[in-house]
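Reader: Hello! I am new to this structure and would like a close look at one helix and at the charged pairs around the fold. Could you walk me through them?

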Amino acid sequence: FFSAPADDTVKDRRFRDSAWVKDPISRTYRDVFLAFERATDGLLDGLPDGSKDHMRVSFYTRQMISALSPSNYLATNPVARQKFMDTKGESLLSGLENLLTDLERGDGRLDIATNDGTAFEVGVDLATTEGKVVFQNDLMQLIQYEPRTKEQHSTPILFVPAWINKFYILDMKPENSLVRYMLDRGHSVFVISWVNPTKAHADKDFGDYMTAGPLAALDAIREITGEEKANILGFCIGGILVTATLGYLAAIGDDRIATATTLATMVDFADVGEIGVFIDDDRLKILRSHMEEKGYLEAHHLQDMFSMLREKDLIWSFVEASYLHGKKPRAFDLLSWNSDATRLPAAMLLWYLKRVYLENGLRKPGALEMNGVEIDISKITTPCFVLATQDDHIAPWRSIYPATQIFGGEVEFVLGGSGHIAGVINPPATRAKYGYRTCEDYPPEPDDFAMSATQHEG
C-alpha cells in the first residue's frame with residue numbers, strides 16, 4: 001500500500017529535479033508523501049460519489065495534502081537547501097523579502113505574486129493597439145480601434161469581455177492580440193471596457209449589464225457606422241451575457257446581431273466542476289452579509305478561488321519559487337493581466353450565482369427574466385461559433401458543449417487545447433501549440449463528441 005514508486009515513474013513536476021533522487025532523505029520524504037497522497041485518493045474514491053458533499057470533501061482534502069508536500073518546506077526540499085548553502089543564506093533572505101512584499105501588497109493578506117509586476121505597463125507593453133473611447137455610461141466605455149487595412153468589412157464586430165478582469169485580455173502583446181488580429185483582416189472592431197465597480201454600483205444587476213453593456217454598445221455602433229447589424233463576441237461571463245442578450249433579442253424580435261461567437265462560455269450549469277464547492281445557498285448568505293456594507297466583492301476573493309482550483313500550479317509552485325528559492329516571478333503577460341482584477345457589484349453577483357449557477361436558469365426556458373422579458377436561449381437563431389477548451393477549470397467544456405443541442409440556429413463547436421485563458425489567447429499564426437478538435441455533426445452527449453472528433457494541429 002505504501003510501496004515506493006520507481007524513480008522513472010514519478011511524473012509529478014514538484015519532484016522533477018534529480019536532487020529528489022540523489023538525496024536519500026529527501027527521496028524518502030517524497031516517496032512517503034506520494035504514497036500517502038495515493039492512499040488518500042483511494043480512500044476518497046471509495047466514498048459514495050455524485051454529491052456536492054463528496055466533491056467538497058475531496059477538494060479540501062486535496063488542498064491540505066498539497067500544502068503538506070515536502071517541496072513546500074526548506075527542511076525537506078533538497079533543491080532549496082542546496083541553494084541556501086550555495087548562496088550562504090542569500091536565497092532565504094530574498095525569499096523572506098518576497099514574502100514581506102506580498103504581505104504588504106495584500107495589506108496583511110498574503111497576496112502571492114505570480115508575475116513580475118514591473119515587467120508590463122498597460123498602454124506601453126500591453127493593450128497597445130490604437131483606439132479611442134467613442135461612448136461611455138456608468139458601467140462601461142466603448143473603445144473603437146483604428147483601422148489597419150485600407151478597406152474594412154461593412155459589418156462591425158463588438159467584443160464583450162468578462163468584467164472579472166480588464167478588457168485587454170483581447171489586446172495583449174501585438175503577437176497575441178485578438179483585436180489586432182481582427183483589424184489586420186479588415187474588421188471594424190469595438191470593445192467594451194467595464195467599470196471597476198464601487199459602492200455606487202451595488203444595485204446594478206445582470207439586466208443592467210445587458211442594457212448598459214452590449215445593448216448600449218450596439219446602439220452606439222449603429223450610430224457611428226450606419227450599419228444596422230453587427231457581429232458580437234463574448235468571453236467567459238461576457239459570453240454568458242452575450243448568450244442571454246441573444247435570448248432577449250430573440251424574445252423581442254430584434255435581429256440586429258448578424259453572428260455571435262462565444263469563448264469559454266457555459267450554457268449548462270448542472271455540473272460546473274470544482275468551482276461548485278464555493279457556490280451554494282449557505283455561502284450565498286455569507287456572501288450577501290460580507291457585501292452588505294461595501295456593496296461589492298473585492299477582487300482577491302475570486303482570484304483566490306480560481307487559484308485553489310489549480311493549487312499546485314497557481315499557489316504552491318510560486319510559494320516554492322518565491323519563498324524557498326528567493327526567485328522573483330518571471331514576466332508573463334497572461335498572469336500580469338490575471339492579477340489586474342476588478343470588483344463585482346453585489347446585486348449582479350448574487351443574482352448571477354443564484355439564478356444562473358445554482359438554478360441553471362440560463363438553460364431553462366423562461367427561468368430567467370431580464371428587463372421584464374423571459375429568456376429562452378433555444379429561440380436563438382443567430383449563427384453561433386462556440387469555442388471551449390479541453391482543460392478549462394473555470395468553464396468545463398462539457399458545460400459549454402450543450403449549446404450545440406440548445407440553440408435554435410446554426411452552431412459550430414470547436415474544442416481547443418489547454419485551458420481557460422491560454423487555450424483561447426493562443427494565436428494560430430505564431431504558436432501552433434495546442435491544436436483543436438472538430439466534428440461534422442454534434443451527438444447529444446459531449447463524450448460521444450470527444451470520441452468521434454478529429455484532432456487538428458495549429
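Author: Happy to. One definition comes first: the bend at a residue is the angle between axes fitted to the seven residues ending there and the seven starting there. Helices (H or I, at least four residues) and strands (E, at least two) are DSSP runs, numbered from the N terminus.

This is a predicted model, in which local features need pLDDT of at least 70, side-chain atom pairs count only at pLDDT 80 or more, and totals for chains, interfaces and linings use all residues. Residues are numbered from 1 along each chain as its sequence is written, and side-chain values use heavy atoms, with hydrogens and water left out.

Now to helix H11, residues 311-324. A kink of about 25 degrees is centred on Ser317. Just after H11, Gly326 takes a positive phi of about 75 degrees.

Several H11 residues are buried, among them Ile315, Phe318, Val319 and Tyr323. Here buried means under 20% relative accessible area, exposed over 50%, and partly exposed in between (1.4 Å probe, protein chains only). The cover over the buried residues of H11 includes H5, H10 and H12, along with helix H3 (52-67) and helix H4 (78-86); contact means heavy atoms within 4.5 Å.

A salt bridge is a side-chain nitrogen of Lys or Arg within 4 Å of a carboxyl oxygen of Asp or Glu, and the structure holds 32 of them. In one, Arg109 pairs with Asp304, their closest N and O atoms being 3.6 Å apart. This pair links distant parts of the chain, 195 residues apart: Asp304 is in helix H10 (residues 299-309), while Arg109 is in the loop between helix H5 (90-105) and strand S1 (131-136). Arg109 is partly exposed at 24% relative accessibility, and Asp304 is partly exposed at 33%.

Helix H12 (residues 333-338) holds Asp333, which forms a salt bridge with Lys173, with closest N and O atoms 3.9 Å apart. The two are 160 residues apart, with Lys173 in the loop between strand S3 (157-160) and helix H6 (178-183). Asp333 is buried at 5%, whereas Lys173 is partly exposed at 26%. Finally, salt bridges that share partners join Asp102, Arg105, Arg109, Asp111 and Asp304 into one network.

Note on methods: Expected span 1.5 Å × (residues − 1).
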